[in-house]
Amino acid sequence: MSKKKIFVQGNEACIQGALYAGCRFYAGYPITPSTEVMEQMAANLPKVGGKFIQMEDEIGSIAAIVGAVAAGEKAMTGTSGPGFSLKQEIMGYAAMAEIPMVVVNVMRAGPSTGYPTGPSQADVMQAKWGSHGDSPSVVLVPSSVQELFYETIRAFNLAEKYRTPVVILFDEVIGHMREAITIPEPGEVEVIERAKPDCAPEDYKPYEVKDGKVAPLAAFGTGYRYHITGLYHAEDGFPTADQQYIHDTNMRLVNKIEDNKADICENEELFLEDAETVVFAYGVSAKSAKFAVKELRAAGIKAGLLRPKTIWPFPSDAVEKISKTAKKIIVPEMNLGQIHGEVERYAAGRCEVQGIFRVDTEPIHPKQIMNAVLGVPVEPTVIPDVVDFTARG
Amino acid sequence: MTTEATARTVPYKEKKPFDYDPYLRQGKLPHIWCAGCGHGIVLKSLLRAIDALGWKNDDISMVSGIGCSSRTPGYVDFNTMHTLHGRAFAFATGVKFANPKLNVIVTTGDGDALAIGGNHFIHAARRNMDMTILVYNNYIYGMTSGQGSPTMPEGAVSTTSRFGSIEPPFDTCELAKTAGATFVARGTAFHAQELEKTLYEALKHKGTSVVDILDSCPTYYGRFNKHKNVSEMMKSIEKDGTISVAQAAKLPPEKTEGKIVRGILHRAERLEYCDGYQNLLDRVQNK
């Protein structure tokens, strides 16, 4: 791989990012609109000596990548809405067993089979709470094809750094949109390799915590024989019924992410210094939001953009900060207000929070966002003909 | 059911007394299995077979699902993974495909393998990836206190078939063979030495090997189905209810009716999955 420009779909940019990050194992199952992720892996992994397997179902796919990670590979699986639902039990297993891996969900409209070929952003809460129990969540929400490439590398890096599953959440539009992207030279972008234990095998404890960091995950077959289970387990990996330890472990699993928000959360900020109205947008909706904010600024209106690239852990500090300076935060999203509620929670009444919720499988139009900023009532399914920049609702 | 008329001669040297210690995680014993449960007998047969093969602990990965039998990996000093209900085959597929040098063994139960894991089971058999699957078959869900499983005989009583099961059972071996497993055998916890030899052959076989192991759950199956005690249960189900491949070959069909046949039931040569993938890599990369 050398530096080159390619014109690709988001789904292919994602696998290019995965290959760059050293992913050499993919297991998947066909589902619209993420199928190209699997197809491109099937076409590209053998060329670099990697392993590709089409499994019998969604559950088998995510189970296989956990197994592959235990055997030392960097691994990924991809899916869309219904498949993401099926994978949830093993998302929890991976969180519990602290398996570094990457799961892609190209969102489509739900609930249920819904509208397979239309975009949505309605899996953001599922990505956080989909599996039973309180588990840590790292979820990235890229909003362009090039960014998807970089965020996929970051997903693998975060997975290795925190020994946890990481979800890349994008939607049918980003997945199928074609953009020219640059693939950097090897070494140009940092790739974190899996840490290896440096102790003797007899001293190895796969869940030992030192300085707040869990021990490296040894690969099966390298002499470090140990046990992996989804049960609450002690430092040596074997089941425990110690209640204090269970409490501490659950806290540690969640806090290893929450306490490192400063490292994991990344935001794009535009015109926030003096913004009276801030649009908080992610993924495909952020594309429209960015366009709208620039148009508004050009017309002399003090609008700003806060665009999280990481939606979980939630960028609460950034929201708190703007809620102290802005009069209003607008949250456009292709669901019925899943992140709007989080923004309200952290704005804590300091400013008004208004949502634009569109679920008709059409991306939110910049004009809808502009009207919302201007105080003009917004119909979710109606794209306004004109925007009156002199309007003040 | 029998496709192989005669039992194979097994090159096998019995060691006495056998030292299990190198294979067990002593600190994790005693195990959770009830008195009279056959799982320990199965485990001992397995460890003796592994020893006969001379496999090193470092090179073995044991993967299980959920249930009593799936607790086996916790007790053995291999690279072990206790996964989720029904999913062991898929996890094991990932382990083996990622590192084909590992000898992969799946320990599972009748409910784990054939109910919730049925789809993974048949596809594992179809792919013919080199792994050995041990189905500890005791007709019942023991971990959750005695619900009927897909191998439970018609008429049998469980907490979910209090008036007798009205469902026909799966035949694990027929299912595995039809799905494409290239080594299919049956053993019992009663015939421990025979099981050891069967497992030796199963482990040695390159491809997906399935061994259905009739096992006893006196705590639930035995109690619900009027078996007086463990030995009576093992004798009536595993000893008197089964005949060997060799015995079956000598008897007329009417005499084998209703009997479950033990031994190696099916063996086929077919390209192993990881070898097939290596061929694919060679083809793609040498283009």
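Biologist: What makes the pair Lys28(B) and Asp236(A) a salt bridge?

Modeller: A salt bridge requires a side-chain nitrogen of Lys or Arg within 4 Å of a carboxyl oxygen of Asp or Glu. For Lys28(B) and Asp236(A) the N to O distance is 2.9 Å, so the pair meets the rule. The model is predicted: local features need pLDDT of at least 70, side-chain atom pairs count only at pLDDT 80 or more, and totals for chains, interfaces and linings use all residues. Side-chain values use heavy atoms, without hydrogens and water, residues are numbered from 1 along each chain as its sequence is written, and chains are lettered from A and ligands numbered from 1 in the order in which they are written.

Biologist: How many salt bridges does the rule find across the interface of chain B and chain A?

Modeller: Four. The same interface has 20 residue pairs in polar contact, both residues at pLDDT 80 or more. A polar contact is a pair of N or O atoms within 3.5 Å; within protein, one must be able to donate a hydrogen and the other to accept it, and residues adjacent in sequence count only if both atoms are side-chain atoms.

Biologist: Which element gives the largest share of the side of chain B that touches chain A?

Modeller: H2(B), with seven residues. Helices (H or I, at least four residues) and strands (E, at least two) are DSSP runs, numbered from the N terminus.

Biologist: What area do chain B and chain A bury between them?

Modeller: About 3200 Å², 60% of it on carbon and sulfur atoms. Buried area is the accessible area (1.4 Å probe) that two parts lose on being put together, summed over both. In contact, meaning heavy atoms within 4.5 Å, are 38 residues of chain B and 39 residues of chain A.

Biologist: Why is chain B called as compact as a globular protein of its length?

Modeller: The globule rule is 2.2 Å times the number of residues to the power 0.38, and the radius of gyration is taken over C-alpha atoms. For 287 residues the rule gives 19 Å and chain B has 18 Å, which is close, so the description holds.

Biologist: What makes Lys287(A) and Glu179(A) a salt bridge?

Modeller: Their closest N and O atoms are 3.1 Å apart, so the pair passes the cut-off already given. Between domain 1 of chain A and domain 2 of chain A the count is three salt bridges. The domain assignment, automatic or from a database, gives domain 1 (1–264) and domain 2 (267–374). These two domains bury about 2200 Å² between them.
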